[in-house]
Amino acid sequence: MKGLFELLFLLCFSVMPCAFATAQNNYSENVAYQAKAIIARYINADIAEKIIFTVDEIQDPRGSYSYKVVDGQLYIRGNSAVSLCHAFYDYLKTTEQGMIAWGGKNINIQPLRWKAVTEKKVQSPYQYHYYMNVVTHGYSTPYWDWKRWDNELDWIALHGLDMVLINSSYEAIMYRVFKKIGVKEEAIRDFFPGPAFQPWNRMGNISGWDGPPPASWYDKQIMLTHQVLNKMRHLQMTPIIQSFSGFVPEEIIQVYPEAEITPIVWVSNFPEKNRCNILLPSKKNAELFIQIGSLFVKEWEEEFGKEIFFLADSFNEMQVPRKKEDSEETFQQQLSDYGEVVYQSFNQGDEDAIWTMQGWTFGYQHEDWTPDRLNALVKKTPDEKVLFLDLANDYNLNWWHIEPGWKYFKGFSNKKWIYSFIPNMGGKTPWNGVLQTYAEAPIEALHYKNKGNLIGFGFAPEGIENNELIYELLSDIGWRDEKINLNQWIKNYCINRYGSYSETMNSAYQNFLQSCYGTFTDHPRFDYQMKSTVNKNSEFFNGVEQFLACYDQCKNSILYKNDAIELTAQYLSLVADAQVKEALLLKGKDQENRLNKVYSILKRTDRLLLSHPNNKLDRWVGFAEAYGDNSIEKKYYAQDARRIITSWGPGVGDYAAKMWGGLIYSYYLERLKSNNDAIIKHYVFDQKKWEENWIQNGDKNPQSPFKNPLKEAQKLIKENAWKD
């Protein structure tokens, strides 16, 4: 939506200068009001009101802002509401006055006079600053209410993000579309999974799993989406809308017997009834595919208003159906036909629509997706009508060790594209990632001479409310055209987050750079969850001990407390993992004593996490239960929420692997005890049955948090120090 208001004003008032001036003034006042309203939530409202904002007319579509302090007065300029918000947040951090994070805030603003600063002017190298992943809406947001979304949109604006992938209401609109084309309601209901699993239906991976949700779910999503989009538009943010990619109920052939639907396999051991069928965007299916896709766009815009970017991934993590006898030339022609049909399904719904695709699968299946094949997929679509989200640059560099997608695909065939990272899988909580990659790699793409039509930067975590340092770093690099000096940046980060940066804190972070924040682990988990993949370098343990030694200087910061809890829990979890292995080699009383010690460590780790504002099972389940209108619905939503973070489904178990209070004690610890008991006493433990019972019934005997979690963290580390 950025620039839309300005365009309308120019069209309407080009020959009416007085009216235009009035409209422009009203526009500027509204933009400034939106920014002030967000800032006032996090600092004193009277102080926020005194900030002087100037709104620039948008000549350059890229974000820009500036700020200065003159005689104690703060002046901020920007060309959008997001630019103004981010300018204030940049000023706050540059002057070392605090930080606003998912877990709370640490603000130290002087009430009477703004802190002096050298005037700063920023021109983003990008038009868009992108955020979220299709599956963020399974691992983090599926049960959020408006209050939580409202807070998230504040966070998004302050961190300078202006393009957001939203998923709410896809099912509600598709429900209407399927009904209009004659599919029976029972078949539609059975097609959609439970709310937490719906992202994988949108990508064609599963159908019906853990569903159907109550009928009221769809109306509630419509209402929530109106609220989310309304605020996004006020903030001039650009949504990306999940749209029809070809996935249909099998019963569609009862209405259209000539339709060609093809079963597709995502995870091979998923039940057949929960696998998806695709209406291939082939020439044979073109008329029906375009009818459904364009009808979705029209239904969406009739309900919510006009949009531009519509997401459709027809083959995410799945093989494109291909006959064995087809030559490469024939296969590429098939891909070209597919792409043309998908594009027309948008174009005939709204001629301004831009087909948006995730680039994940092009790296994940890089042996299948050659540059020629990708070019074939989009060669019949206009360059300006396709947007690639090049999601996984950290995977290319640090995990798959292959050439970055933007370089391999030669700037994505001159289509629009956005450089992005996936810094988290499943919402896992251990600290993890190569900070140097995030601080430097995007700049290489910016200066690459054959980069093509690079229009944005972003990050697409599968789950959020974790690794807050990484998201602060990514938010900063998204507004720069040069590499970040990590040592300088970390010092500023710590002062803003904790209020202090001693030599001991510096040593702690240098150790983290050599361990947890110097390695990229695809799925950081512990042995008590699955197989341990969390970094175990000795530098990590030294770093945690040093971090906790900064208690006296940092204890008044809620963000220090949060990080101390997370780091201690990660430290203790690794200690427990190591001691379980040792215990199983012992016999008799020695083994029993060692296992009991492990169980005690995990039990107390769980209690420690209960003092964290976000990393708690009851918070997650509470969001889900709130959607229920009665006890039956509350139970349904709660079990759906518990399933996504634990057993998931066949072949995907323990994917989310969250280190949460309540979850360790009631789920991972109890399951570990049962498994160890079975090993020691030589019987078969029915783990699937046990897991399903927990999913249905939950945490029956929750613990209570420690009265002084920071002191307890120090005590626990001292009692259970890591030994190489």
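Predicted model: local features only at pLDDT ≥ 70, side-chain atom pairs only at ≥ 80, totals over all residues.
1. Residues are numbered from 1 along each chain as its sequence is written, and side-chain values use heavy atoms, with hydrogens and water left out.

2. On the overall fold, the protein chain has 30 helices and 19 strands, counted as DSSP runs (H or I of at least four residues for helices, E of at least two for strands) and numbered from the N terminus. Its radius of gyration is 26 Å, close to the 27 Å that the globule rule gives for 724 residues, so the chain is as compact as a globular protein of that length. That radius is taken over C-alpha atoms, and the rule is 2.2 Å times the number of residues to the power 0.38. Along the principal axes, the C-alpha atoms fill a box of roughly 80 × 70 × 50 Å.

3. Next, contacts and surface. Taking contact as heavy atoms within 4.5 Å, residues 24 or more positions apart account for 76% of the contacts with a separation of 6 or more. The accessible surface of the protein chain is about 28100 Å², and 48% of that belongs to carbon and sulfur atoms; the areas come from the Shrake-Rupley method with a 1.4 Å probe, and for residues only the protein chains shown count as cover.

4. Now for the holes. Rolling a probe the size of a water molecule over the atoms shows where empty space is left. A search of the whole structure turns up eight cavities of 30 Å³ or more, and the largest cavity has a volume of about 150 Å³. Of the 16 residues lining the largest cavity, Asp313, Ser314, Phe315, Met357 and Leu377 are the closest to its centre. A cavity here is a set of points, on a 1 Å grid over the protein atoms alone, where a 1.4 Å probe fits but cannot get out, and lining residues have an atom within 4 Å of a point. Grid points are joined across faces, edges and corners, and the volume is the space filled by probe spheres set on the points.

5. Who supplies that lining? Helix 13 (328–347), strand 14 (354–358) and helix 14 (360–364) each give at least two residues to the lining of the largest cavity. By class, that lining has ten nonpolar, five polar and one charged residues, with Ala, Val, Leu, Ile, Met, Phe, Trp, Tyr, Cys and Pro counted as nonpolar, Asp, Glu, Lys and Arg as charged, and the others, Gly among them, as polar.

6. Some backbone spots to look at. The peptide bond from Gly211 to Pro212 is cis, with omega near -5 degrees, and Pro212 sits in the loop between helix 9 and helix 10 (216–234). His401 has a positive phi of about 55 degrees although it is not a glycine; His401 is in the loop between helix 16 (393–398) and helix 17 (405–408) and is exposed, at 59% relative accessible area. Ser413, also not a glycine, has a positive phi near 55 degrees and lies in the loop between helix 17 and strand 16 (416–421).

7. Gln198 is in helix 9 (residues 198–202) and is buried, with a relative accessible area of 1%. Setting aside neighbours within four places in sequence, Gln198 is in contact with Glu171, Pro193, Pro213 and Trp217. Trp417, in strand 16, is buried at 0%, and its C-alpha atom is 9.2 Å from that of Thr356, 61 residues apart along the chain.

8. Thr94 belongs to helix 4 (residues 81–94) and is partly exposed, at 36%. Thr94 and Asn492 are 398 residues apart in sequence but 7.6 Å apart in space, C-alpha to C-alpha. Not counting residues up to four places away in sequence, Thr94 touches Tyr67, Val117, Lys120 and Asn492.

9. Ser66, in strand 2 (residues 64–70), is buried at 11%. Among the residues Ser66 touches, beyond four places in sequence, are Tyr75 and Lys120. The C-alpha atoms of Ser66 and Tyr256, 190 residues apart along the chain, are separated by 58 Å.

Notes: Buried < 20%, exposed > 50% of the residue type's maximum accessible area, 1.4 Å probe, protein only. 1 Å grid on protein atoms, 1.4 Å probe; cavity = no way out; pocket = protein on both sides within 12 Å on 5 of 7 lines; lining within 4 Å.
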